[in-house]
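Dear colleague,

Please find below the structure that I am handing over to you. My findings follow it, and I would be grateful if you could read them with the structure open.

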Amino acid sequence: MDFSNYSKIVFPLVLVLVFPFSSASKSRSPCDFPAIFNFGDSNSDTGGLSAAFGQAGPPAGETYFGAPAGRYCDGRLVIDFIAESLGLPYLSAFLDALGSNFSHGANFATAGSTIRPQNTTLHQSGFSPISLNVQTYEFNDFLLRSQFIRTKGGVFSKLMPKEKHFSQGLYTFDIGQNDLTAGYFLNMSTDQVRAYVPDVIDQFKTAIQDIYGRGGRYFWIHNTGPVGCLPYVLDRVLITAGQVDKAGCASPFNEVAQFFNSKLKEAVIELRKDLPLAGFTYVDVYSVKYELISRPKKHGFEHPLQACCGHGGKYNYNMHHGCGSKIKVKGKEIILGKSCKNPSVRINWDGVHFTEAANKWVFEQIVNGSYSDPPLPLNMACHKQYA
Ligand SMILES: *[C@@H]1O[C@H](CO)[C@@H](O)[C@H](O)[C@H]1NC(C)=O
Ligand SMILES: *[C@@H]1O[C@H](CO)[C@@H](O)[C@H](O)[C@H]1NC(C)=O
Ligand SMILES: *[C@@H]1O[C@H](CO)[C@@H](O)[C@H](O)[C@H]1NC(C)=O
Ligand SMILES: *[C@@H]1O[C@H](CO)[C@@H](O)[C@H](O)[C@H]1NC(C)=O
């Protein structure tokens with residue numbers, strides 16, 4: 001019997017039957033991302049700035065790692081929880097030459113990173129020279145040289161990702177907060193900061209296009225948090241009574257953050273059109289963080305606007321005596337920036353960054369996709385659901 005005609009007829013039928021099921025997200029299989037490549041600032045730095053400019057000292061890391069671990073936090077960051085939940089190891093920092101294992105990805109983020117390169121040094125302004133464009137140069141270098149090392153064999157080859165990890169891996173982004181504060185710290189007005197946001201977003205798009213051009217396909221993009229609720233902003237900038245919202249946050253700063261986020265979301269929509277082979281998930285981390293800070297008791301937290309680890313003042317934050325800072329009095333060393341008693345009920349760690357407990361809470365809110373566009377869980381982020 002000749003089946004060739006038969007199969008020609010059956011094939012379209014099978015398609016029609018299968019299609020409605022395969023398009024429902026429930027029947028889709030998890031993505032099994034074999035690697036994560038992360039780009040960002042201190043919100044996701046797992047050792048980059050520490051490797052290049054000196055370790056984030058104690059009491060950083062005390063809650064989880066028991067010692068400083070390159071993170072500006074008492075423990076794990078959202079990116080650590082993301083890695084854990086995908087069954088992957090914590091990410092080594094690309095810049096960390098010691099003990100790094102890149103077999104399942106690499107982290108290019110450094111604390112203080114901006115999207116746009118800043119025209120100041122780290123020591124002048126506190127912003128990292130490893131801006132997002134530099135992170136993509138590092139990524140390109142990593143992509144080529146890791147494969148060269150794998151091909152060559154030898155002791156380091158097993159510490160490198162497989163070639164296919166670059167197309168199958170998840171590319172995560174959490175950056176932009178420092179681009180906003182950079183202008184304010186130069187005494188710019190809110191209007192001046194808003195005016196340069198489109199340029200910041202353009203440079204973000206350039207970075208994504210670059211990574212896509214090298215084979216990246218799955219992008220998980222966090223928007224920026226409510227920076228006007230952070231002690232280092234509240235303490236440093238003059239805010240009038242009318243500019244404080246119900247949660248005690250500085251409204252103008254949060255409005256700029258939301259403006260940035262609206263432009264970021266537009267950019268993601270454009271990127272979906274321009275880069276049709278890629279999947280983009282936009283994650284509204286702003287709303288999650290603001291919910292936590294504005295209703296801490298409901299979620300088991302307290303003192304949302306005070307740093308856990310710091311020194312004095314309304315926000316337990318002093319820019320000259322940060323978390324872990326020491327002074328010498330009559331030859332005796334005194335620690336000024338001490339940790340609070342119970343970081344597990346605190347939101348802010350050091351005036352700038354979230355505690356491990358808060359990071360875990362944020363992660364738990366975003367992992368199931370309820371703050372994502374499209375609303376897919378993290379482990380389904382390779383499936384495109386938008387038109
Ligand atoms: C690198 O990490 C992977 C995943 O955690 C692990 O299986 C492997 O043994 C590690 N390699 C070395 C040399 O430690
Ligand atoms: C840095 O300076 C260059 C050249 O003047 C300028 O184009 C760029 O916008 C500046 N960057 C920032 C972040 O201000
Ligand atoms: C911003 O203004 C403050 C207060 O007037 C001043 O002390 C500081 O030097 C200014 N900073 C810059 C970068 O101009
Ligand atoms: C997602 O998880 C959060 C936190 O566990 C929960 O409150 C929310 O109802 C979940 N949403 C969905 C759509 O499952």
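**Findings: sheet, helix and ligand**

In strand 10, Ser372 is the bridge partner of Val283. Please note that this is a predicted model. Strand 5 and strand 10 run antiparallel and are joined by two bridges. In general, the strands of a sheet pair through backbone hydrogen bonds, in either a parallel or an antiparallel manner.

Both strands belong to an open sheet of six strands, whose order is 2-1-3-4-5-10 and whose pairing is mixed. Strand 2 (105–107) and strand 10 (372–373) stand at the edges with a single partner strand each, so one side of each has no neighbour in the sheet.

The buried residues are Val285, Tyr286, Val288, Lys289, Glu291, Leu292 and Ile293. Their cover includes strand 4 (218–222), strand 5 (279–283), strand 6 (302–307) and strand 9 (346–348), together with helix 10 (251–274) and helix 12 (356–366).

Finally, which residues are found around ligand 2? They are Arg116, Pro117, Gln118 and Asn119. The protein covers 39% of the 360 Å² of accessible area that ligand 2 has on its own. The shell around ligand 2 consists of one nonpolar, two polar and one charged residue. A polar side-chain atom of Asn119 lies 2.3 Å from an oxygen atom of ligand 2.

Yours sincerely,
A colleague

Conventions. Residues numbered from 1 in each chain as written. Chains lettered and ligands numbered in written order. Predicted model: local features only at pLDDT ≥ 70, side-chain atom pairs only at ≥ 80, totals over all residues. Heavy atoms only, no water. Buried < 20%, exposed > 50% of the residue type's maximum accessible area, 1.4 Å probe, protein only. Helix = DSSP H or I, 4+ residues; strand = E, 2+ residues; numbered from the N terminus. Contact = heavy atoms within 4.5 Å. Near = heavy atom within 4 Å. Polar contact = N/O pair within 3.5 Å; in protein donor to acceptor, adjacent residues only side chain to side chain. Areas by Shrake-Rupley, 256 points an atom, 1.4 Å probe, with all protein chains shown as cover. Nonpolar A, V, L, I, M, F, W, Y, C, P; charged D, E, K, R; others polar. Pairing = 2+ DSSP bridges.
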